[in-house]
Amino acid sequence: METASKSRWSEWRPPSGLAGAVFWLAAWFCLLFLLRMIPGSVGTFFTVIQWLVGIALAVTVIPLTFRFVRRRMLWSLRNKLVLTYLLIGLAPVVLFVAFVLISAYIAAGQFAIHLADSRLQEELAQMSNDNSHRIGMAAQLIEGVPIPSPRASFGTDQTIVTTARPRLHRESVVYVNGAPTQTDISTKGKTPLGLPAWAAELKGGQFQGLVLDGGELFLTVVNQRKLSDGRLLSLVTSLEVDTPVMDMIAAGLGRVQLRPEDRLGSADTNSNATPNASRPKSVRFRARDQVGNKNAASVMGGEQPPAVNWTDIQVNFLSTVGVTDWDTGEHDTIPIKVDSRPSRLYNQLFGASLGGIVTNVYRIGLIVLCVVFGLIELLALIMAIRLSRTITTSVADLYGATQKIDKGELDHRIGVTREDQLADLSRSFNKMTGSLQRLMHEQKEKERLQNEISIAQEVQANLFPRQITSLPTLELHGICRPARSVSGDYYDFLVFHEAAHNGHYNRRETGVGIAIGDISGKGISAALLMATLHSAVRAYRFASEELVFSESVVDGLLASRDERGGDCDELFQSPGRILSLLNRHLYRSTQPEKYATLFLAHYDAGNSTLTYSNAGQLPPLVLGRDGTVRRLDRGGTVVGLMDGMRYEEDRFKMRSGDILVAYSDGVTEPENDFGEFGEERLMEVVSRYRDQPLHVISNQVMQALDAWIGADEQPDDITLVLARQV
């Protein structure tokens, strides 16, 4: 065990590349984490180094993580579909819900601020309405006009009694030309407001708003009127913003807080304003706050409302309200904060309309609609999961099937139970696999047949003359180019020798047999019939040799050719007779539709005489030195088609320079846009190169044929035999 562990540690190597960089940075980060504990400047130095290494580690980990996610987590189609669903399906829903919730929260907060500000403005409006009536009474009192029982309309404490609001203590002061005047309307409070210079003569004769005086907040209303003697009468009514006032503002909302200590700054500066001379102790709020005013802190009213249910979250919203500095007339803003809940705001919005049958129907309908939406979303999620599973299962089956096929298991098939496009794809894959399996079998069979055809091609190549031996008086050349693997054309040269003593041959040739033919059809069947024809011709040739040779041995005579009636080729000197024998043999040994065209000729080297017979073969041509052309067409019909046929013979003497051109239909019948190649073009090429060696003439003919055929496939077997008289 210990040896195996040591072996594993000895084989371990740290990672390289980006992973190696992460490994070493992480190692240094851990080491620096220990070194930073050293006290003093050394620890501080290692702390800074650790931060730098940490930043480098984070920068290195990000691309490594991205690559890991892309190559590992997102390699699977299932993970890609899940991510796609999250991005396309779930992300918009989450964003929309978040947007709605944030918008609802902001709207609820703004509505709460609006309610608090509206109550402040409503209180100011009521104070302004009362002040506009009371300033008329104050004017009558100052001008000496008696009025009946002012106390009947206004109590001595100037408390305004309403049915909708609590009893709030207001303070009123009357000023004539900026100087305070004691009247029955005037009241004294614990902090009476003075009349600053900016309010000595108001534009429009009226002011109302939230004012800040000495760190204290007041709801203040100022009304001004000209007396009959020209003096200016000012009535200032104020209400200190304290806890009862804030409770009134926060009623039904929750908790409302004004924070004058967080005054945000001047919004409108009156450069001509001067502090109130009648109240020199009043300075700006910040200065008073520094000396420690008891009311400099925030003013709060109401209480935190309890939650109705778990969805009744707390709404905390902060905004600002306008405030006027009473000493200078500058307009500032101070923060106002409202803590409420949606249930309170909903009650404030709809009030008494929340009850009744119609409202219950709306509520139940909304709940049902939410449930329906939830069910639709759940159904969409279930369908997405099923569709994703269907897709990923099909892809996994296809991937597994490709792995099986790659291993050579062509019998593997995918189980298909559904009826959709993916199922059709799996069925198509199964069909493709079956076709591939069938093609593999066909390929193997084709390879086997190709091997056999290669063997047949090799055997057929051995049937053609492997080494052409020309006579002293006659040059010979032959070529056969199959259109397919094997050829149905046939040519052969049969050289005859003079018989010698003791049954042996010497090197003196007495003649040669020339054979060229074409088998009906192409391919293997034509090649087999060609082999039959080749063997039959050779058999008759060797049979004639054996017959003459055996007769000379039996007689015991060493006679000359004249005494034995000629050479052993006497039988073959009659091509017409050989064709008759071949016709009978092929007719009786082959199918009725099989036949062959054949040209047989015997050349006698002694007198340069050529004896021939043509059995349906294209007539060979003899090109004379003087340019004349002889057609060798004497003979009969094809061999193997009808029984009992006889074939005529003809003979002529070849002169020096005469060229015998024998060919199959593959030489003259190839066509292009200009027609067939034809005999004329063939003889033109032969005539142009007649003084060249025979293999040169043959090559030129083949090149002319290839140029004529072009890029098309060779239509038929091409066979060409040339013989030239020396």
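User: Which word describes how α4 and α8 lie to each other?
Analyst: First, a heads-up: this is a predicted model, where local features need pLDDT of at least 70 and side-chain atom pairs count only at pLDDT 80 or more, while totals for chains, interfaces and linings use all residues. Residues are numbered from 1 along each chain as its sequence is written, and side-chain values use heavy atoms, with hydrogens and water left out. The two helices (DSSP runs of H or I, at least four residues; strands are E, at least two; both numbered from the N terminus) have axes, lines fitted to C-alpha atoms over the stretch in contact, that come within 10 Å and cross at roughly 55°. Angles run from 0 to 180 degrees between N-to-C directions, with under 35 roughly parallel, over 145 roughly antiparallel, 65 to 115 roughly perpendicular and the rest oblique, so α4 and α8 are oblique.

User: Which helices each supply at least two residues of the lining of the second largest pocket?
Analyst: A pocket here is an open set of points on a 1 Å grid over the protein atoms alone, where a 1.4 Å probe fits, with protein on both sides within 12 Å along at least five of seven lines; lining residues have an atom within 4 Å of a point. This one holds about 550 Å³ of space, counted as what probe spheres on the points fill. It has 18 lining residues, and T311, D312, I313, P342 and S343 are the closest to its centre. The helices asked for are α4 (77–142) and α8 (342–350).

User: Is S608 buried or exposed?
Analyst: Look in the loop between β16 (596–604) and β17 (609–615) and you'll find S608. Its phi is positive, about 55°, although it isn't a glycine. Under 20% relative accessible area is buried, over 50% exposed, and in between partly exposed (1.4 Å probe, protein chains only). At 11% relative accessibility, S608 counts as buried.

User: Is R466 buried or exposed?
Analyst: R466 is in the loop between α10 (421–463) and β13 (474–481). Its C-alpha is 10.0 Å from that of D492, which is 26 residues away along the chain. With 72% relative accessibility, R466 counts as exposed.

User: What is the phi of N177?
Analyst: N177 lies in the loop between β3 (171–176) and β4 (179–181). Most residues other than glycine have a negative phi. N177 isn't glycine, yet its phi is positive, near 55°.
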